[in-house]
Amino acid sequence: MDDKVLTTFRAVAEERSFTKAAEKLYVSHTAVIKQINALEERLDVKLLIREKRGVTLTTAGQVLYAEALQLTKEIEQAVERVRAAHLSETKTLRVGTSPLFPCYRFMDLWLEIRDRCADYPLKIIPFEDDVNHFPRIGEDFDFVISAFNPRRYGDKFAFLPVGRYRFCVAVPRTHALANRKELSFRDLDGQPLMLRQAGSSTINDRIRRDIGRRHPGINLVDVDSDYNVTIFKRAVERNCPLLSLECWDRVHPDMKSIPLAEEYDLPYGIIYSRTTTENLNAFLSIIEPLVDYK
């Protein structure tokens, strides 16, 4: 049934007058009468008793009026639900996740603080790591969780630290050291170790210098400045240990991450576009003071 016709019927029932209903709806007296006549004809029911002093509802008219009120209420409630869903959707923040950009460590934190960020639900969006491109932050996702290299990406992205990743050594599962629960650089003397080339990052350069001074017997094998799945695959093929991070324990099934005895770490957190949305700014302003970052 046409919502416009029901609105007209309600106006006539409430005003008890075709003329007053027409004035209320800003339509002609004739238009109101035509709509009511058409409604009665369609239902094959008399809805109104027409008298000189006005109109009154028949029993059938009273039932339709009550149903119209309920229907109007249900429609209004449905509209509110639709608007709430739209609002929730527009506030939803998209978190990209992949083997090299895992979000599970952040989700542990999120479980602790989500009540304070209830207006900004998260949507986890898996993606494939691309050897040639950094994730499309600000396009496919609102942010990713990762360690951050300001030397390379500081001009493109912003960074909110939320914790620290420990360095570890990823070794092929067939390697002689694969059964160790912890490794030190001393354990790697006389062996190759794949790691980022010099100049890649401050912490990487520090580790290279420390190895060079204290463990010159380790053969440093340079890899690309940004790790990718191919690097882990290459380490498996060469049966070669790889300096890694604890968050990359799921990048390659044939590699095992073993904690490094030497305490090297670096911050990880939310990486987002410098061109932010209003929702993301609001979310970050809420989450920043809740993060116990050291």
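Q: Where is arginine 16 found?
A: Arginine 16 sits in the loop between α1 and α2. Helices (H or I, at least four residues) and strands (E, at least two) are DSSP runs, numbered from the N terminus. This is a predicted model, where local features need pLDDT of at least 70 and side-chain atom pairs pLDDT 80 or more, while totals for chains, interfaces and linings use all residues. Residues are numbered from 1 along each chain as its sequence is written, and side-chain values use heavy atoms, leaving out hydrogens and water.

Q: Why is arginine 16 called partly exposed?
A: Its relative accessible area is 48%. Buried means under 20%, exposed over 50%, and partly exposed in between (1.4 Å probe, protein chains only). Arginine 16 therefore counts as partly exposed. Its phi is positive, about 55°, although it is not a glycine.

Q: What makes asparagine 239 partly exposed?
A: Its relative accessibility is 33%, so asparagine 239 counts as partly exposed. Asparagine 239 lies in the loop between α8 (229-238) and β9 (242-245). It is not a glycine, yet its phi is positive, about 55°.

Q: How do you know how α1 and α3 are oriented to each other?
A: Helix α1 (residues 3-15) and helix α3 (residues 29-43) pack at about 110°, with axes 10 Å apart. Axes are lines fitted to C-alpha atoms, for helices over the stretch in contact, and angles run from 0 to 180 degrees between N-to-C directions. Under 35 degrees is roughly parallel, over 145 roughly antiparallel, 65 to 115 roughly perpendicular, and the rest oblique. α1 and α3 are therefore roughly perpendicular. Lys4, Val5, Thr8, Phe9 and Val12 of α1 make the contact with Val32, Gln35, Ile36 and Leu39 of α3. Contact means heavy atoms within 4.5 Å.

Q: What is the class make-up of the contact of α1 with α3?
A: It has 6 nonpolar, 2 polar and 1 charged residues. Ala, Val, Leu, Ile, Met, Phe, Trp, Tyr, Cys and Pro count as nonpolar, Asp, Glu, Lys and Arg as charged, and the others, Gly among them, as polar.

Q: How are α2 and α3 oriented to each other?
A: Their axes come within 8 Å and cross at roughly 110°. That makes α2 roughly perpendicular to α3. Phe18, Thr19 and Ala22 of α2 meet His29, Val32, Ile33 and Ile36 of α3. By class, this contact has 5 nonpolar, 2 polar and no charged residues.

Q: Which residues of helix α2 are buried?
A: In α2 (residues 18-25), they are Phe18, Ala21 and Ala22. Seen down the axis, the buried residues fall within an arc of 100°, so they line one face of the helix. The arc is that of the directions from the helix axis to the C-beta atoms. The buried residues of α2 pack against α1, α3, β1 (48-51) and β2 (54-57).

Q: Why is phenylalanine 141 called buried?
A: Its relative accessible area is 4%, so phenylalanine 141 is buried. It lies in the loop between β4 (122-126) and β5 (143-147). Beyond four places in sequence, phenylalanine 141 touches Arg94, Gly96, Ile125, Phe127, Pro135 and Arg136.

Q: What makes arginine 208 buried?
A: Its relative accessible area is 17%, so arginine 208 counts as buried. Arginine 208 is in helix α7 (residues 202-214). A polar atom of its side chain lies 2.8 Å from the backbone oxygen of arginine 196.

Key. A polar contact is a pair of N or O atoms within 3.5 Å; within protein, one must be able to donate a hydrogen and the other to accept it, and residues adjacent in sequence count only if both atoms are side-chain atoms.
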